[in-house]
Amino acid sequence: MLRVDKATVYFAARDGRPVHALDSVSLDIPDGGFVVALGTSGCGKSTLLNAMAGFLPLSSGSITLNGHAVLGPAKARGVVFQKDTLLPWKTVAENVALGLKFAGIGRKERHERALDLLGLVGLQDFAAAAPYELSGGMRQRVGIARALAPEPDILLMDEPFGALDSMTREAMQELLVDVWAHTRKQIFFITHSIEEALFLGTQLIVMSPRPGRIVARFDLSFVNAFARDRDARAIKTAPEFAALREEIRAIVHQNEALRIAAQ
Amino acid sequence: MTDIVAGAAAEEAQTPEAPPRVVKMRGFGIGERSTLPISLTTGVIIVAAWWGASEARLVPHLFLPTPREVVNAAISFYQDGYANASMWEHIGASLMRILTAAAIAIALGTPIGLLMGLSRWTKGVFDTPIEFYWPLPPLAYLPLMIIWLGIGELSKITLLTMAMFAPIALSAQAGVRSVSIERVHAALSLGATRFQLLREIVLPSALPEILTGIRIALAVGWGTLVAAELIAATRGIGHFIMSASQFLATDFVFVGIGIIAACAFAFSFAMRLIERWLVPWKGQS
């Protein structure tokens with residue numbers, strides 16, 4: 001379980017004044033949990049993810065994974081980035097196997113495991129391709145396979161589908177649910193799409209900026225319905241999905257209006 | 001709906017011969033068409049002007065030999081050598097110096113430059129001497145090299161190594177700065193140690209800039225080489241040019257210049273091949 005306890009972050013602005021980016025955020029991601037963070041730009045969701053990944057120290061508060069304090073990046077916490085960070089001098093399979101190489105696993109075994117993971121994301125035929133020969137959606141699938149390779153406890157995903165067109169995006173959401181159902185990893189997923197957030201998570205947190213904080217939490221079950229029935233259209237057009245979507249939209253807009261009024 | 005599609009298909013079928021007019025975005029700058037014919041024509045015009053001016057004696061013969069004389073001088077140099085050494089011995093001596101110096105400069109400059117990009121201490125220590133001596137013309141400190149290290153190979157190779165070290169180290173340092181923080185974060189969250197990060201991420205990311213630095217270093221090297229051989233040498237293309245000029249043998253000077261140009265061009269071409277082989281992804285990401 002990943003536990004965030006009263007995480008607070010201040011950045012230094014250009015003029016040196018502290019900027020309150022994250023205000024006492026507490027959050028538990030249980031084993032097998034799929035937590036989605038939703039919010040407008042600047043609401044601190046990426047700051048929270050960077051702190052979970054160990055890229056950013058906290059000003060105060062703590063983050064622990066299975067009881068161990070997060071003190072820096074480690075392979076127990078896999079990260080999928082918004083911008084793909086594949087290495088162009090390695091093939092797709094070598095990129096997926098990178099974490100295994102760092103762990104000292106032999107060439108043959110890591111290639112086999114890379115092929116298995118590429119199969120999981122439907123790219124087994126592209127093992128020998130160069131990353132720049134793939135489309136944006138395919139590159140993000142490679143990124144997911146690469147993050148899964150060292151068998152992390154949790155997958156941290158920072159708007160991984162933000163740059164994709166909406167058709168590819170829906171296919172990627174369904175693929176991610178399959179991966180999650182198959183591996184049962186904990187997932188922390190950032191998005192600014194309300195529909196994506198509702199469809200994917202078992203738990204949804206809505207965040208609001210200045211300072212970044214959690215303003216609402218929901219337990220969701222649409223993702224379980226999809227894992228069972230595999231009918232994404234039926235879920236997204238169901239009345240309870242639409243009702244919740246409007247409720248969350250109202251929360252986001254209300255917070256946005258309050259923020260603008262406060263300025 | 002179906003009718004419209006069928007109609008469009010029938011219309012298309014009626015004119016199967018008409019080739020489509022392929023279009024693309026209007027460009028800017030020189031475009032994609034080869035500049036080779038223009039360059040070749042320019043070369044031919046320059047040689048023709050040279051030939052015309054020298055054969056017509058528009059310029060004193062001592063200043064500008066005819067192409068025929070230069071070819072004869074080249075043949076004589078090839079067959080009989082010059083100043084007690086054959087042509088290959090002169091070229092070999094120069095190549096040996098520049099390649100030895102390049103090997104030392106690459107072996108020292110790459111790791112030191114990478115460390116300068118990664119460690120505050122290394123940067124602090126090496127910045128001062130490099131920034132001090134790098135802008136100096138090598139000819140300015142050549143006398144010191146000769147006084148300290150003698151007139152043998154050691155002083156020349158040291159001079160060349162110093163001239164070539166700085167651009168390689170500085171470009172390696174710039175290469176480290178160009179590594180994206182996301183790639184570093186990705187590698188660290190995949191469990192990379194500091195050394196693995198350096199070898200798998202930082203070095204390949206910096207490689208294009210290091211290769212550019214080596215190209216600049218080789219160009220600097222040729223300039224410095226001739227200067228070094230002008231002063232203290234018994235062999236080498238620079239020495240060959242120098243001693244030919246003392247006899248006012250401008251045709252041999254032309255031959256020497258031609259040989260240096262050919263060598264420098266070959267080096268530059270080889271670097272381009274190496275770049276294509278080592279960094280095929282350049283410009284792709």
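Contact means heavy atoms within 4.5 Å. The exercises below concern a predicted model.

**Exercise 1. State how many residues of chain A are in contact with chain B, and how much area the two chains bury.**

Step 1. On the chain A side, 22 residues are in contact, and they meet 20 residues of chain B.
Step 2. The two chains bury about 1,900 Å² between them. Carbon and sulfur atoms carry 71% of this area.
Step 3. Within chain A, the most area is lost to chain B by Trp89(A), Phe102(A) and Tyr132(A). Together these three account for 40% of what that side buries.

**Exercise 2. Classify the crossing of helix 3 and helix 11 of chain B, and sort the residues of their contact by class.**

Step 1. Helix 3 of chain B covers residues 67-80, and helix 11 of chain B covers residues 250-278. Their axes come within 8 Å and cross at roughly 75 degrees.
Step 2. Angles of 65 to 115 degrees count as roughly perpendicular, so helix 3 of chain B is roughly perpendicular to helix 11 of chain B.
Step 3. Helix 3 of chain B contributes residues including Val70(B), Ala73(B) and Phe77(B), which meet residues of helix 11 of chain B, among them Phe252(B), Val255(B) and Ile259(B).
Step 4. By class, this contact has eight nonpolar, one polar and two charged residues.

**Exercise 3. Find which charged residues of chain A sit over the rings of Trp180(A) and Phe199(A).**

Step 1. Trp180(A) forms one aromatic cluster with Phe34(A), Phe161(A) and Phe189(A).
Step 2. Over the ring of Trp180(A) sits the charged end of Arg184(A), 4.4 Å from the ring centre.
Step 3. Over the face of Phe199(A) lies Lys236(A), at 4.4 Å from the ring centre.

Key: Residues numbered from 1 in each chain as written. Chains lettered and ligands numbered in written order. Predicted model: local features only at pLDDT ≥ 70, side-chain atom pairs only at ≥ 80, totals over all residues. Heavy atoms only, no water. Phe/Tyr/Trp six-rings, centres within 6.5 Å; stacked < 30°, edge-to-face > 60°. Lys NZ or Arg CZ within 6 Å of the ring centre and 35° of its normal. Buried area = accessible area lost by both parts, 1.4 Å probe. Axes fitted to C-alpha atoms, helices over the stretch in contact; angles between N-to-C directions. Helix = DSSP H or I, 4+ residues; strand = E, 2+ residues; numbered from the N terminus. Parallel < 35°, antiparallel > 145°, perpendicular 65-115°, else oblique. Nonpolar A, V, L, I, M, F, W, Y, C, P; charged D, E, K, R; others polar.
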